[in-house]
Amino acid sequence: MSRALTPDERQHAHELLERARAAMRAIQNYDQASVDRLCQAIAWATYNEPTATRLANMSVDESGLGDREPRRRAKIMGVLRDALRQKSIGIIEEIPEQGIVKYAKPAGVIASLIPVTSAYVTPATVAIYAIKCKDAVIFSPHPASKKTTAEVVRIMRCALKAAGAPEDIVQCAAKPSIPLAQELMSICDLTIATGGPAMVKAAYSSGKPAYGVGAGNATMVIDETANVEEAAKNTRISKTNDNGSGCSADGNLIVDSSIYDAFLGQLQKEGGYLVNSDEKRLLEKAYWDSEGHRTPETIARPASKVAEVAGFGIPPDRKFLLVEEQKIGKEHAFSREKLGTVLATFKYTGWPMALDMVSRIFEVGGRGHSCGIYSFNDQHIHELALVAPVSRMMVRQIQSSSNAGTFTNGMPMTSSMGCGVWGGNITNENISLKHYMNVTWVSRPIPEDRPSDQELLGEFYNSEIF
């Protein structure tokens, strides 16, 4: 049970809210060019290589999670691109044939819950979308990475001040805690919760609108038409990015039996270490505790560190751990979400078996999040899309980065991905600009658009009455 909110925490939350509302009033008359300029200022301040490198190192030093290479900083440029290409003030869309005109308005003050696994990129991307809509943001960091997130917010405040805008458009909780985060969610206008199930549940229980995300268990199908070399390379990139900390990182590979051995060999050429049966038992014991929870010391850690914790050694050039598995179910741990540098491989014979395995894996966990496929068979792609209970499916792409949008696909750029009703979320879209605004629909009369009863009812027109 969480402790009670202290009087000091309550006062701090309400002071943050008052300052945020004052900042919103100060920019309420900014035009589109003015807010776009602020978005650019925020992006440069957090994206430039020296700063991003410093923040990446700071995050690893503080939390022990992730990678010191700031690869994720490219997401800031992607979000900026998407934001700059859209309108967010005044008329944003007109549909003359329907007599509809849409006007954008700010959503208000946003409570943004930041995960430990993305302490420096997520605040920057949230701030860009929020400022684009003339919202203010109060960031609630994860306690294990609070210094990093606080530093990102300090940098963004400096950039806003230098650009002549009120710094309080972005603020950060000084001493984050669960009760303080709950208070912020209950008094702000909107919550954007990027993090674990407990955080998302709290956001949805706050009494205010919230966008939350679901857990991942990214599962990739590699069929007989796949380019083995490309698929293995992309798998390695996805699995090792930030030591597999992202919910989009490949967790399970379902591979056609005709190419299974070749693909497993190629994964080892890419730096994978194939554990033997004894090492598999040790790994499972180290990776999950007796109640089935992931152990903190193996989350988003280098493969060598994970192996060390498990009690065996691997060569220094091995970057991720491969576990051959065939059993699927909640009692079979390696079919669950991994959140690290461990990858499970499954073999299938016949396409129906592949589809069945995908369905069963998502019953274990990760419904609503994502899957992918390496295939040049459009029918296979189509059939997987029909049955997979996921919100996004990548075709021949690096899963960990592509789900949230890249410069080579059309997914909206984001740091937060809804998982729909499958994942207990209100939306299955990538959380992007449209989710940061209110919209007023203005409707003018149009010529009557009413088909006849016969046209609408078809064969049931004037039929039997019960």
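1. Is Asp 242 buried or exposed? Asp 242 is buried, at a relative accessible area of 10%; here buried denotes under 20% relative accessible area, exposed over 50%, and partly exposed the range in between, with a 1.4 Å probe and protein chains only.

2. The model is predicted: local features need pLDDT of at least 70, side-chain atom pairs count only at pLDDT 80 or more, and totals for chains, interfaces and linings use all residues. Residues are numbered from 1 along each chain as its sequence is written, and side-chain values use heavy atoms, with hydrogens and water left out.

3. Asp 242 belongs to the loop between α9 (228-240) and β9 (252-256). Helices (H or I, at least four residues) and strands (E, at least two) are DSSP runs numbered from the N terminus. The phi of Asp 242 is near 55 degrees, a positive value in a residue other than glycine. Asn 243 lies in the loop between α9 and β9 as well; its phi is positive, about 55 degrees, although Asn 243 is not a glycine. Asn 243 counts as buried, at 11% relative accessibility. As background, most residues other than glycine have a negative phi.

4. Seven strands form an open sheet with parallel pairing, in the order β10-β11-β12-β9-β8-β13-β14; two strands pair if DSSP finds at least two bridges between them. β10 and β14 (390-395) are the edge strands, each pairing on one side only. On average, neighbouring strands of this sheet are turned by 25 degrees against each other, direction ignored.

5. Strand β11 (residues 320-324) is mostly covered, with four of its five residues buried. Strand β10 (residues 272-274) runs parallel to β11 and is joined to it by three bridges, with Leu 322 of β11 as the bridge partner of Leu 274. β11 also pairs in the parallel sense with strand β12 (residues 342-348), over four bridges; Val 323 stands opposite Ala 344 in β12.

6. Strand β8 (residues 219-222) and strand β13 (residues 368-374) run parallel and are joined by four bridges. Val 221 has Ile 373 in β13 as its bridge partner.

7. Two helices should be noted against these strands. Helix α13 (residues 351-364) packs on the sheet, touching β8, β9, β12, β13 and β14, and its direction makes about 145 degrees with that of β12. Contact means heavy atoms within 4.5 Å. Helix α11 (residues 277-287) lies across β10, β11 and β12 and runs at about 115 degrees to β11. Axes are lines fitted to C-alpha atoms, for helices over the stretch in contact, and angles run from 0 to 180 degrees between N-to-C directions.
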